[in-house]
Amino acid sequence: MHGALSTLSEPLEPWPPAAAVTLPVSYRLSNTRLAFFLKETGAGPGGNASAPLQRSEPFVVFQTKELPILNVSLGPFSTGLVLPKEQLQPSSTLEIPDRLTVNWKVRAFIIQPRVLASQPVVQVLFYVAGRDWDDFDVTDRLPCVRLHAFREAREIKSSCRLRGSLATCLVQAELPHAWFGPSAVPLGRRKAPEALDLSGESQPAELYYTLHAPDGDGECPGETAPRRGGGAAWTEGPTQHPLLRIGSISLLQPPPTQLMQEHRLDGNIFIRLPDKPLKPGEVLSILLYLMANSTVEHFTLRYGRVAGDEHASHSARRADAPACC
């Protein structure tokens, strides 16, 4: 009895860790162009300790033109499962009738994010990314892309259809001149008049797009007409998506052309200066020009205030470009 107790008091050798019990199942994916299984670094086969007869193997289907088949084998037994389209292609991706478009996405590129009032056209290039370059059999089934431009409660729409081997199209929408004016926000939210610089103010506009099925002739409605929030609806095919945001553009109203007055100093030089009264502290820029037929190489320009009869001089050498002082 005592010997047994002394034996139990000795240090016990640790039991070796129990091996993970998993099903010896092998998996294989077929009918895919690029797919692979995922495995955590340093981890054993995926299993469930509480349910040893269950096993999970995460995988990714990256490229495929057909519905993949998951083949499972265990000893002499094997079975296969066709993966449903709903698991491979969520409803938010590009839909093409009778075509599997895994990882296909419509991308948008704003050609010019700054739009001038003198050229009030916004352009957006749309293209399909994630597809194979040899997918030519779907070019006649590509959808229409509708551009939505919003400026406060106003909206402009224009459409194009994805076409050709590159599956691209360019949407152009002409913006009304009123969009480049001051913001039409409620009076209580406006800035103070002195805080507004209307000569070079930038107005934001937001761009979105939707995808639509073409009409019976394979064309897309392309009208571009401004309308306010509750305007009449277009006659258009069913939309595949809600509004998807592209980004913002800046609408710029360039400052008015500045009037200049010209004064000839002598037979060689004349100057141009702004034709407006000067404010206290304002910087005056005067452009100095040489006559086209002038042969003078050096000259000295004297300037000063008349009241104090204070003068200064500036020597210059002839250059090919006009001088400014």
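**Surface, core and confidence**

Student: What does L38 count as, given its relative accessibility?

Tutor: L38 counts as partly exposed in this predicted model, because its relative accessibility is 39%, which falls between the 20% and 50% cut-offs.

Student: Where does L38 lie?

Tutor: L38 is in the loop that runs between β2 (34–37) and β3 (59–63).

Student: And which residues make the nonpolar surface patch?

Tutor: L34, F36, L38 and F62 make that patch, with an area of about 340 Å².

Student: Switching to the inside, how many residues does the largest nonpolar core have?

Tutor: That core has 33 residues, and F126, L207 and I249 have the most contacts inside it. Two or more residues come from each of β6 (105–110), β8 (121–129), β9 (144–151), β10 (154–161), β11 (168–174), β12 (202–212) and β14 (244–252). In soluble globular proteins, nonpolar side chains tend to be buried together.

Student: What does L207 touch, beyond residues up to four places away in sequence?

Tutor: L207 touches I110, V122, V124, L147, H148, A149, R245, I246, G247 and I249.

Student: What about the fold overall: how many helices and strands are there?

Tutor: The protein has 2 helices and 20 strands. Of its 325 residues, 27% count as buried. Among contacts between residues at least 6 apart in sequence, 62% join residues at least 24 apart.

Student: Now backbone angles. What is phi of N31, and where does N31 lie?

Tutor: Phi of N31 is near 65°, a positive value in a residue other than glycine. N31 lies in the loop between β1 (26–30) and β2. N31 counts as partly exposed because its relative accessibility is 36%.

Student: And what is phi of E152?

Tutor: Phi of E152 is near 60°, again positive in a residue other than glycine. E152 lies in the loop between β9 and β10, and E152 is partly exposed because its relative accessible area is 36%.

Student: Last topic, confidence. What is the mean pLDDT?

Tutor: The mean pLDDT is 75, and 69% of the residues reach 70 or more.

Definitions and conventions:
Residues numbered from 1 in each chain as written. Predicted model: local features only at pLDDT ≥ 70, side-chain atom pairs only at ≥ 80, totals over all residues. Heavy atoms only, no water. Core = buried A, V, L, I, M, F, W, Y, C linked by side-chain atoms within 4.5 Å. Buried < 20%, exposed > 50% of the residue type's maximum accessible area, 1.4 Å probe, protein only. Helix = DSSP H or I, 4+ residues; strand = E, 2+ residues; numbered from the N terminus. Contact = heavy atoms within 4.5 Å. Patch = residues over 30% accessible without salt bridge, like charges linked within 9 Å, V, L, I, M, F, W, Y side chains within 5 Å. Areas by Shrake-Rupley, 256 points an atom, 1.4 Å probe, with all protein chains shown as cover. Salt bridge = Lys/Arg side-chain N within 4 Å of Asp/Glu carboxyl O. pLDDT = per-residue confidence, 0-100.
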